[in-house]
Amino acid sequence: MFARARRAFHELGDTRAEATSVCGLGAVAQFRGEHRAALAHFHRALVMFGSVGDLSGEAYTRQAIGRVCLKSGDLVQAAQWLGQALRLAQQLGDVHREGCVSIHLGKLGEPERFHGRALDIFESLGDRHCGAYAMQSLAGFQAASGDLGPASAGLERSLLIFRQLGDRSGEASSAQLLGELHRSAGRAELARDYLDQAVVLRGSLAAEAV
């Protein structure tokens with residue numbers, strides 16, 4: 001559907017909408033783990049947004065490129081692209097984009113600062129969905145640091161929000177992290193329950209993607 005949309009917008013000469021469709025193709029490639037293809041799409045979209053002076057589109061695309069670099073383990077490039085996206089979002093006064101970028105930056109360093117900032121932004125905007133992702137990221141850092149109480153509470157809260165909103169991918173990630181947390185705390189049975197939930201959720205998503 002993104003490919004069809006791209007062709008239609010290209011025929012209409014709507015460069016901005018075509019670039020948005022190309023970003024969609026990049027997101028699909030990233031979801032499939034095809035990082036090289038995802039980067040090619042996002043770089044193409046970045047040029048197109050630049051050609052029409054769409055700074056908001058540029059901010060999104062720079063964030064998307066940084067996210068792919070982060071996923072593929074290229075932390076230097078990730079920091080560069082995400083830093084550009086953050087500065088552009090702040091320049092535009094786009095606090096929601098600033099929150100989204102901050103979640104990814106928190107995975108590169110200063111997690112309490114960036115994840116906390118993202119959570120504050122999303123809660124102030126009433127965005128429970130993005131807030132749950134910020135909460136999950138912060139809790140993951142807390143768990144890794146041995147601060148299990150706050151981590152468990154944050155993950156339980158994010159799990160509930162994802163479940164209420166029907167986001168099974170987010171729900172699976174929170175369940176996985178909770179399972180690992182309880183396993184590290186020696187609560188084997190509880191850990192197994194959460195880890196089993198994560199397996200079932202990811203299995204259902206994989207089945208739908210076929």
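**Salt bridges and burial**

Analyst: Arg62 and Glu58 sit 4 residues apart, about one turn, and both belong to helix 4. Helices here are DSSP runs (H or I, at least four residues), numbered from the N terminus. Heads-up: this is a predicted model, with local features needing pLDDT of at least 70, side-chain atom pairs counting only at pLDDT 80 or more, and totals for chains, interfaces and linings using all residues. Residues are numbered from 1 along each chain as its sequence is written, and side-chain values use heavy atoms, leaving out hydrogens and water.

User: What makes Arg62 and Glu58 a salt bridge?

Analyst: The cut-off is a Lys or Arg side-chain nitrogen within 4 Å of an Asp or Glu carboxyl oxygen. Arg62 and Glu58 have N to O at 3.3 Å, so the pair qualifies.

User: Why does Arg62 count as buried?

Analyst: Buried means under 20% relative accessible area, exposed over 50%, partly exposed in between (1.4 Å probe, protein chains only). Arg62 comes in at 19%, so it's buried. Glu58, at 13%, is buried too.

User: And Asp54 with Arg16, how do you know that they form a salt bridge?

Analyst: Their closest N and O atoms are 2.5 Å apart, so the pair passes. This one links distant parts of the chain: Asp54 is in the loop between helix 3 and helix 4, Arg16 is in helix 2, and they are 38 residues apart.

User: Is Arg16 buried, exposed or partly exposed?

Analyst: Its relative accessibility is 47%, so Arg16 is partly exposed. Asp54 has 10% and is therefore buried.

Key:
Helices (H or I, at least four residues) and strands (E, at least two) are DSSP runs, numbered from the N terminus.
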